[in-house]
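Hi everyone, thanks for coming. Have a look at the structure on the screen, and I'll talk you through a few spots in it.

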Amino acid sequence: VSHYFAAGERVELDATDDVAVDLDVAASLGADTVPLEALGTPLRGRLVLVASADVPGSLDGTAALQPVYRAGGALVVVLPEVRVEAGSLAMAQAVRDCVGAGPVPVHVVRDDGDLMTLRPASGRGADALDVANLLHDEVGPLMAQPRFLRITPRP
Amino acid sequence: MRVLEYYVGGTLHRLRLRSASRMAAPVPASGQKSGPPGRLLGELQGQSRVQAVTALPDGKPGSSVAATNRYGTQAVVPTESVAVDGSRVAEVTWARKRFGLVVVREGRQGKVLLQAPPDTPDPLAVAALASRELVERGKVGAAHPNFLRVVTRPAASMVSVHDQWALDNAGRPGVTGADVHALAAWTVTIGSPSVRIAVLDEGVDSSHPLLKDAVVAELDVVDGHTHARPDGNDAHGTACAGIVAAQGDDLRGLAPGCRLVAARIAKSGSDDSWIFDDFDTADAIDWAWDDAAADVLSNSWGGGPPVDVIIRAFARARAKGRKGKGSVVVVAAGNEQAPVGFPGNLQGILTVGASNQWDERKTKTSKDGEDWWGSNHGPSLDVMAPGVAIRTTDIAGGKGYARGDVTNRFNGTSSATPFVAAACGLVLSVNGTLGEAKVREIVAHSADRITGGTKHSNLVGWGRLNAYAAVRAARRG
């Protein structure tokens, strides 16, 4: 079980037996992506949903795998990106300071004053979740939201 | 006569089984001739190994899963499989050892389908017994025999192909006047071309002959196309757009004079799912109220956990849209006959449930016969609108809901939502000075009460949309 924050409230994310595989990244790491592509459910681009048991162990902990959780009746894939609304320039600086000193190396890929887009250097969605939660716990910007791809029943 | 026992919600249900030779012929779908029961079972057997038995309701309350409605009787065919929800590996292992069940499929959300071994003399009994014991052990969320259902559709002949009952209900079927009062509203306005209504969905067929003149802006955040037309069979957004602003002689949206903004935010997955990216969705919301200057945002989507990017994008639309007067955000309540989920449970939006031709809250047992869905409920529910057998635009050609460019069978709170969005468009067409909160108040409080009460109800909100009353109230300011 993991979590994130929405509207200041903690939201639980239940673990699943699935993982989202970026086939391009997996191929760049030398993995044979043909069976993964055959087994996987296409999501978006080259991202496929695969049972964790079907993924070669060589990809564990790499940017090829993004975590999949269950929440609110949907599956949620955590992508390696965090959007931040600081609320003030002082808070924005506090955000920069926090991620600069934090345990997860982060690239600031967009910085428009109090609006920022962060990307964990690892390329892992799990790290994006940690960065967002760290910012919420330590700094408290208006928003620090990891990027989710959600899969819901068709309306 | 055999009886099959299984648990639903912790209560033991009994289903009486009858042999196929004694089974009444199922009511056929409209336009089809009734075939003999044997043929029907043969077709079912092609899908799953089914014994030559079927079940009909015995009429005793709580003793059967089958139901009778005004359109006929459903047949329920038990299989030798057991559907388990919230399963644990240990329980599956136990069932395998105890009954010889094998896993034939793993579904989403922890569902597992187990099957009795083929050499079992009475696999139906084994499946039923296994399901009961799994429940009684208390370590699974649910377990019951897996049923095939022969569900009859509402008789289409009762709904004229030219009938837009939601706009003007003549009571064939239903209750005369159980509609949004479109004809009366159109005596005041059909909508102003200066009012823009955004449909955020799986794309809109912006080349559709009944929509193309209305569409003034398009965005695709899914594939980055320069248009918002959908892929493949994705017809949901086109149907929603038609309810808002279709411009035809035989098919009209509720606000045919307003303009459409089309934002493609989702696409279908391979398993009847919807896939969308929260950041892209939030960007589409911001684009709609900001770049495309949409006055109203119609959102026939939802599900999953809340996220700040979408919450805050909606908040910006309400605060900054329409040059500070606020764009109106309209969201579907959902179709699970369950509490309203995200984003319909947010404050400051119009959350829309579905009603039927009888002015009932759409439920799995309402008179319309669509027993596979019901409108969601809760304190955030604001207003109801028609959501059954809705005639609207379909993606052109053989794809989509129907073979032509129009469907008569769009449904769900997905269809109710654009009616309310269109009514907001009419309101703003007669009084563009209104703030978004006032528009929401007018639309909700001018609704026709459909439960007899005068207060808000968690089941039907303030009642069923009355577009005429709304535009009259808007004139008064």
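**Starting at one glutamate**

Let's begin with B:Glu436. Leaving aside its neighbours within four places in sequence, B:Glu436 is in contact with B:Arg318, B:Arg322, B:Lys325, B:Gly326, B:Ser327, B:Val328 and B:Gly348. Contact here means heavy atoms within 4.5 Å.

Before going on, some housekeeping. This is a predicted model, where local features need pLDDT of at least 70, side-chain atom pairs count only at pLDDT 80 or more, and totals for chains, interfaces and linings use all residues. Residues are numbered from 1 along each chain as its sequence is written, chains are lettered from A and ligands numbered from 1 in the order in which they are written, and side-chain values use heavy atoms, with hydrogens and water left out.

Back to our glutamate. B:Glu436 lies in helix α9 of chain B, residues 436–445. When I say helix or strand, I mean DSSP runs numbered from the N terminus: helices are H or I with at least four residues, strands are E with at least two.

Is B:Glu436 buried or exposed? It's buried, with a relative accessible area of 6%. The cut-offs are these: buried is under 20% relative accessible area, exposed is over 50%, and partly exposed is in between, using a 1.4 Å probe and protein chains only.

What does the side chain of B:Glu436 do in there? It makes a polar contact with the side chain of B:Arg318, at 3.3 Å. A polar contact is a pair of N or O atoms within 3.5 Å; within protein, one must be able to donate a hydrogen and the other to accept it, and residues adjacent in sequence count only if both atoms are side-chain atoms. The side chain of B:Glu436 also meets that of B:Arg440 in a salt bridge, 2.9 Å from N to O. A salt bridge, by the way, is a side-chain nitrogen of Lys or Arg within 4 Å of a carboxyl oxygen of Asp or Glu. Both residues lie in helix α9 of chain B, 4 residues apart, about one turn of the helix. B:Arg440 is buried as well, at 17% relative accessible area.

**Chain B as a whole**

Zooming out, chain B has 10 helices and 20 strands. Of its 477 residues, 57% count as buried.

One strand to look for is β12 of chain B, residues 259–264: 5 of its 6 residues are buried, so the strand is largely enclosed by the rest of the structure. Strand β10 (residues 196–201) of chain B runs parallel to β12(B), joined by 6 bridges, and B:Leu200 stands opposite B:Ala263. Strand β11 (residues 215–220) of chain B is parallel to β12(B) too, with 5 bridges. I'm calling two strands paired if DSSP finds at least two bridges between them.

**Where the chains meet**

Now the interface. How many residues of chain B are in contact with chain A? The count is 40, and they touch 35 residues of chain A. Between the two chains there are 9 salt bridges. One of them joins the side chains of B:Arg316 and A:Glu85, at 2.9 Å from N to O.

Within chain B, β13(B) runs antiparallel to β14(B), with 2 bridges, and B:Lys267 stands opposite B:Ile275. From the other chain, strand β9 (residues 143–153) of chain A is joined to β14(B) by 5 bridges, again antiparallel. There, A:Ile151 stands opposite B:Ile275.

B:Asp278 forms a salt bridge with A:Arg150, the closest N and O atoms being 2.7 Å apart. The pair runs from helix α6 of chain B to strand β9 of chain A. B:Asp278 is buried at 1% relative accessibility, and A:Arg150 is buried with a relative accessible area of 1%.

Last one: A:Arg44, A:Glu81, A:Arg83, A:Arg147, B:Asp277, B:Asp280 and B:Asp283 are linked in a network of salt bridges.
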